[in-house]
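Consider how the parts of this fold are packed against one another.

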Amino acid sequence: MTQTLSRYANYQAAFQSLDAATQGSSPSWLRQLRHNAWERFQQLGFPTARRGNEKWKYTSVAPIASALFDYSPSPVNAPAVSLSQLGQLVPSAPDWNTLVFVEGCFAPALSTQPVQGGPVLAGSLAQAASGQARLVQEHLSRLAKVEDDGFTALNTAFLQEGAVVHVPDGAVAPAVVHLVHVAAGSPRPRVIFPRTLIVAGANSQLTLVESYVSLSQSRYFTNAVTEIVVGEGAKVDHYRLLLESPEAFHVGATCVCQGQDSSFTSGGFFRGAALARNDFQVLMDGTGAFCTLNGLFLTTDNQHIDHLLNIDHAKPHGASRLFYKGILGGKSKAVFGGTVLVHKDAQKTDARQTDKNLLLSPEAEVDSKPSLLIYADDVKCGHGATAGHIDENTLFYMRSRGLDLETASRMLIHAFAREVIDTVQPHALQVFLDVIFSQSLPSASLKFGGAP
């Protein structure tokens, strides 16, 4: 998959510009990390090959690889963003600690006061790289490795700013930490490189929300990487919201490592983007660890979304639950690749994996490939996948009670989505998601399974 450097001349020029601009401000170890990542990206390029490229078998990244995206280390030319605009785009609550990043750069004026000096650190990654250098250097780029993924390598090569959240051993984050990444829009297509580092110490607790939103309908490329360290006995609840422009490209990688007796729960909610990739990797590297990955997405028109989810049971007595639901309309397409790996020594593993999809159009398509790789002999594992339209008998029953086709269909689709939305713990987030997905449901003017 090595490609000619000329195809990435714009990234080459942007990298050289960033390196020169940060020569006196970035720590030497961070500059070296960026240089190593850039060298690896030159070797890997984007995964455009159609053969021998199993991870991208059903998704073509040619639209990303062939486009020219501008990059700027600061949003000097980005449109102004107001608090009122953000209030209409993302969930919020008075007690949440919100950090806002516009075009990849921290915006203190739009953020609540970052937590500094107390038991919990939540703030700018660029500032923490100097003030909390030991913490950042110890964990940054340890889980999201650049060796095998061109997108991760490119994000790391442009690693300058981002979010860092650290909850020390035994501490409890007093409020939800909300990280908001805003694409403000510009006349020319731009690329944004959000980066997030989360470290939850032993026996700590944290609730984290990541939101990716857009102020315009413009075309741009978000290349995001999140690393989450869940210490021994720690409990982390994580939510990821993709609410970007319908013309945008989004490739997001989340890498998690769990310690002994830890609990990690993640809910992914996806609406928007012309082409989106949700790459989620969880390493359960401690005995008795528990992991839950829930997801809900809605696609319309010609949108394409790809979920690559991997749960790696490396130690015994672990339990995992993987549950994703999709609602597809128009000519949209979805890909689900879920893999649960159980190592030889991971005895007494309990793992379940489910993928359910509701097709609202005869032209919508889903490629689902759940899989189990089991090398232990004392486990309880199962998986399954379904895809279909709204049940005609159920629809007929509701219409016989006086409901019109539109209302009956929307009620059934909403009920399908609520099963995942109801798992959300922060009440403000649950209400927000319920409204967003209810408003986004496609019209029932299409024929569902032949219904009149």
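Leaving aside neighbours within four places in sequence, which residues is Leu293 in contact with? The model is predicted, and in it Leu293 is in contact with Phe264, Ser266, Phe280, Val282, Ile311, Arg321, Leu322, Phe323 and Tyr324. Leu293 also belongs to the largest nonpolar core, which has 51 residues; Val165, Leu206, Phe264 and Leu293 are the members that touch the most others. In soluble globular proteins, nonpolar side chains tend to be buried together.

The aromatic rings come next. The structure holds 21 aromatic pairs. One of them joins Phe264 and Phe280, tilted, at 6.3 Å centre to centre and 40° between the planes. This pair links distant parts of the chain, with Phe264 in β12 and Phe280 in β13 (residues 275-284), 16 residues apart. Both Phe264 and Phe280 are buried. Tyr8 and Tyr11 form another tilted pair, 6.4 Å centre to centre with 50° between the planes, and both of these tyrosines are buried as well.

Helix α9 covers residues 405-421. At 1.5 Å a residue, its 17 residues should span 24 Å, and the end C-alpha atoms are 24 Å apart, so the two figures agree. At the start of α9, a side-chain oxygen of Asp404 comes to within 3.0 Å of the backbone nitrogen of Glu406. The buried residues of the helix are Leu405, Ala408, Ser409, Ile413, Phe416, Ala417, Val420 and Ile421.

Thr349 is found between β17 (333-342) and β18. Is Thr349 buried or exposed? Its relative accessible area is 1%, and buried means under 20%, so Thr349 counts as buried. Not counting residues up to four places away in sequence, Thr349 touches His313, Lys315, Gly318, Val342, Asp378, Val379, Lys380 and Cys381.

Conventions:
Residues numbered from 1 in each chain as written. Predicted model: local features only at pLDDT ≥ 70, side-chain atom pairs only at ≥ 80, totals over all residues. Heavy atoms only, no water. Helix = DSSP H or I, 4+ residues; strand = E, 2+ residues; numbered from the N terminus. Expected span 1.5 Å × (residues − 1). Buried < 20%, exposed > 50% of the residue type's maximum accessible area, 1.4 Å probe, protein only. Polar contact = N/O pair within 3.5 Å; in protein donor to acceptor, adjacent residues only side chain to side chain. Core = buried A, V, L, I, M, F, W, Y, C linked by side-chain atoms within 4.5 Å. Contact = heavy atoms within 4.5 Å. Phe/Tyr/Trp six-rings, centres within 6.5 Å; stacked < 30°, edge-to-face > 60°.
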